[in-house]
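Please read each point with the model in view.

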Amino acid sequence: MIKANPNFSKIQASYLFSDIAQRVKKYMEANPDAKLIRLGIGDVTKALPKPCVDAMAAATAEMGVDATFRGYGPDHGYAFLREAIAEHDFKARGADIDASEIFVSDGAKCDTGNFQELFSNDIKIAVPDPVYPVYVDTNVMAGRTGASVDGRYEGLVYLNSTKENNFVPALPEEKVDLIYLCFPNNPTGAVATREQLQAWVDYAHANNALILFDAAYVAFIRDESIPHSIYELPGAKEVAVEFRSYSKTAGFTGTRCGYSVVPKECRVFDENGNKIMLQPMWARRMSTKFNGVAYPVQRAAEAVYTPEGKAATKALIDGYLENAKIIREALIEKGYKPTGGDNSPYIWFNTGKDSWEFFDYLLNNAQIVTTPGAGFGKCGNGYIRISAFNSKENVLEAVERLKKVL
Ligand code: MLT
């Protein structure tokens with residue numbers, strides 16, 4: 001008898017964004033003429049930067065000629081991309097990361113979801129609440145939790161991110177082994193200061209723990225005092241893995257490219273407390289289960305680091321940040337107290353009502369798709385996340401509609 005993985009019965013039937021898509025589909029079937037404005041899932045809307053498109057086209061042309069054709073690429077990414085990443089994303093900010101510590105992948109969602117395979121099933125895991133659901137769901141699927149009781153899985157330690165702590169959770173009182181952090185944060189848009197991140201790095205050292213640091217939204221940081229990478233902090237290389245993505249940085253949500261950083265010093269422990277280096281484990285996992293990102297896509301990602309690529313991606317992000325400011329100011333005008341939207345594409349605000357009800361209210365009355373905060377965890381109850389990923393024209397229209405119905 002083929003038996004199903006019993007852990008799947010613990011998990012919510014569908015992924016948050018699939019759930020929202022279903023609701024929107026139903027609404028559109030009933031209201032086919034509605035002019036919907038989508039500010040829900042963080043999917044980019046603007047075209048790829050021209051330097052990336054040009055690099056992708058040139059690489060595609062190479063693939064059409066025997067002399068320059070390439071088959072399987074190097075397991076962990078082409079050297080040209082890994083070297084550009086180490087140089088521009090890390091060394092340029094004083095973080096001593098080498099190309100050999102970079103693992104190119106098809107995005108941060110897969111990497112943050114897959115990384116838990118390297119850990120024992122009896123570890124204690126801390127996740128922020130609200131949280132990007134991938135961190136939780138993948139651990140539920142792997143059997144590291146009990147049942148969901150009142151919106152929280154037994155066995156996980158939830159780190160409350162609330163307005164009282166500016167959505168940067170405090171260190172746990174109990175000892176945990178694995179900590180998921182995401183800054184700039186999805187969904188709250190909060191950023192963590194150097195001191196706050198240093199406290200987590202110190203906690204990980206003191207408790208033999210590991211931090212999985214999701215920096216998918218790093219390109220939105222405009223406050224230069226905010227660390228861009230956890231490796232800007234002393235001691236982080238031993239205790240943290242970092243995930244990056246070109247999805248939001250350069251509009252690659254449909255193109256697929258990201259990377260994880262596993263420093264050679266990064267360690268876990270065996271059951272006797274002996275150190276095991278994590279990098280060879282991730283290298284082995286990737287070689288076994290992944291065959292690399294398409295050559296033209298890696299060339300497109302490399303183009304992000306040229307002077308033209310840097311200017312184009314900055315302009316792209318500046319555009320989304322301008323949208324975020326427009327949304328933020330409209331909410332403030334209506335008496336809300338939003339967070340995020342300044343170093344992040346997400347604006348997070350307390351509606352004072354049930355999140356899903358408010359989501360339906362905005363869909364039905366303003367034809368605007370948002371994301372209900374409750375979908376990210378218990379602490380998201382009452383909140384709505386609005387994304388700035390759309391054209392300025394649509395954002396201006398959305399704001400007009402919001403002002404009428406709020
Ligand atoms: C989101 O809206 O939270 C993100 O788009 C999800 C993702 O990047 O997978």
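In which helix is the place of asparagine 139?

1. Asparagine 139 lies in helix H5, residues 133-141; helices here are DSSP runs (H or I) of at least four residues, strands are runs (E) of at least two, and both are numbered from the N terminus. This is a predicted model, in which local features need pLDDT of at least 70 and side-chain atom pairs pLDDT 80 or more, while totals for chains, interfaces and linings use all residues. Residues are numbered from 1 along each chain as its sequence is written, and side-chain values use heavy atoms, without hydrogens and water.

2. With a relative accessible area of 1%, asparagine 139 is buried (under 20%; exposed is over 50% and partly exposed in between, with a 1.4 Å probe and protein chains only). Leaving aside residues up to four places away in sequence, asparagine 139 touches Gln116, Ile125, Arg144, Thr145 and Tyr180 (contact means heavy atoms within 4.5 Å).

3. The domain assignment gives domain 1 (6-47 + 308-405) and domain 2 (70-306); such bounds come from an automatic or database assignment. Taken over C-alpha atoms, the centres of domain 1 and domain 2 are 24 Å apart. In the contact between them, 37 residues of domain 1 meet 48 residues of domain 2.

4. Across the interface of domain 1 and domain 2, the rule finds 2 salt bridges (a side-chain nitrogen of Lys or Arg within 4 Å of a carboxyl oxygen of Asp or Glu). On the side of domain 1 that touches domain 2, H11 supplies the largest share, 10 residues.
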